Amino acid sequence: MRRICIFCETWESGGIEAFLCNVLRHMDLSVLEVDLVAARLGESVFTQPLKDRGVRFYELSGKANETFRNHKTFRALLAQRHYDVLHLNVFQGLSLAYARLAREAGVPVRIAHSHNTDLRQSLTRWLKLELHQWARGRYGADCTHLWACSEGAARFMFAEKDLQEKDWQFIPNGIETEKFRFDPAARLEVREKLGLSDEFVIGNVGRLCRQKNQSFLLEVLQEVVRQRPNSRLLLVGEGEELPQLQEKAAALGVADKAIFYGTTPHVERLYQAMDVFAMPSKFEGLPVTAIEAQAAGLPCLFSNIITRECHVGTAVQFLPLSTPVIWAKAISQVQLHNDRSEGAAIVQVADFDVTVVSQKLQETYLREGGYEQP
């Protein structure tokens, strides 16, 4: 029985949490004892499914920026739990300090897994970037494995000297492919419940924040409606920008065209109701939702900043964020398809199926450090 510590700075309902929930639900937890550790545990649709599988949750200080308290509590947890593997899921370099704490505590396998390519915009972003650069150079050597969801994420998180010494491993953001396969019956049912029987539905799934750029998508919607008046925007997710987005929708005159759905444990059903998926993110690692949308057979529009490693389907376009008119034109030209079932097969062939990814992670958890899988 190997004891695994999976760490996140915060635990909510975002892409990292979706990835971890997906892979853990497909591992053999009879040979793994898994603790999910976060500086702050927020509400999440992914918590209960993991608790049901026996995953334990530990919160450090309750705040991501309480570094001293978080490190002190983490040290105590390391002394108490005696982990065999630390799997850090990180989006900025300061989190790599937990690998140093784990090395000092004698944890033999210390994995740093990069999930992003930039930091969010803020007044102190310049300072955070300086700290990020300093920390990745200081703590990278304490990691035994370097993982990333894309090459951009690897180069953002890890110093060049560490990449040369240890290389890095691409870990696809695996999904339960069959769950997202297009289902015509589910499409009719969901659209009827949402009152979208005859509408053209633009979809987006993600945290409502500046990084995901749903504000731009509302401007796109305003343009699309002029060309396709029956268009609606389905935004799935929660976040700090919800009030501002609702205000902007009203100011643009599209409040009645935008649906702020919130979060759901069954997001796969909402993909069925969509006609096109749009993701104008300002930066990403490799978004899980991009893979999910392609598995559902949706035509996809991504910002040209998003890594090309997420392009696994056929109906994918990468567009600049220069003007919403470009996006509106591309969306208005989308042709509806009655059969989208081929999307799931394409994603499976590209090795983004969660069964493949979870097996890769489980083998590392069990075999590194001289352990053999039973």
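In which hand of crossing does α10 pass α14?

**About the model.** This is a predicted model, in which local features need pLDDT of at least 70 and side-chain atom pairs count only at pLDDT 80 or more, while totals for chains, interfaces and linings use all residues. Residues are numbered from 1 along each chain as its sequence is written, and side-chain values use heavy atoms, with hydrogens and water left out.

**View 1. The crossing of helices α10 and α14.** Helices (H or I, at least four residues) and strands (E, at least two) are DSSP runs, numbered from the N terminus. Here α10 passes α14 in a right-handed crossing; a crossing is right-handed if the near helix is turned clockwise from the far one by less than a right angle, and left-handed if anticlockwise. The two helices pack at an angle of about 50 degrees, with their axes 8 Å apart. That makes α10 oblique to α14 (under 35 degrees is roughly parallel, over 145 roughly antiparallel, 65 to 115 roughly perpendicular, and the rest oblique). Axes are lines fitted to C-alpha atoms, for helices over the stretch in contact, and angles run from 0 to 180 degrees between N-to-C directions. Among the residues making the contact are Phe-216 and Val-220 of α10 and Trp-327 and Ile-331 of α14, where contact means heavy atoms within 4.5 Å.

View 2. Let's follow the strands across: six of them form an open sheet in the order β10-β9-β8-β11-β12-β13, with parallel pairing. Two strands pair if DSSP finds at least two bridges between them. At the edges are β10 (258-262) and β13 (316-319), each pairing on one side only. The twist averages 20 degrees from one strand to the next. Strand β9 (residues 231-236) is joined to β10 by four bridges, and Val-236 stands opposite Gly-262 in β10. Helix α10 (residues 214-227) lies across β8, β9, β10 and β11, running at about 165 degrees to β9. Helix α14 (residues 324-332) lies across β8, β11, β12 and β13, at about 165 degrees to β12.

View 3. Look for Asn-213 in the loop between β8 and α10. Asn-213 counts as buried because its relative accessibility is 9%; buried means under 20% relative accessible area, exposed over 50%, and partly exposed in between (1.4 Å probe, protein chains only). Not counting residues up to four places away in sequence, Asn-213 touches Pro-280, Ser-281, Lys-282 and Leu-321.

**View 4. The seven-stranded sheet.** A second open sheet can be traced in the order β3-β2-β1-β4-β5-β6-β7, seven strands with parallel pairing. Each of the edge strands, β3 (56-59) and β7 (169-170), has a single partner, so one side of each is left without a neighbour in the sheet. Six bridges join β4 (residues 85-90) to β5 (residues 109-114), and Leu-88 stands opposite Ala-112 in β5. Helix α3 (residues 67-81) packs on this sheet, touching β1, β2, β3 and β4. Helix α4 (residues 97-104) lies across β1, β4 and β5, at about 170 degrees to β4.

**View 5. Two loop residues with positive phi.** Most residues other than glycine have a negative phi. His-82, in the loop between α3 and β4, has a positive phi of about 50 degrees and counts as exposed at 57% relative accessibility. Asp-351, in the loop between α15 and α16, has a positive phi of about 65 degrees and is partly exposed at 44%.
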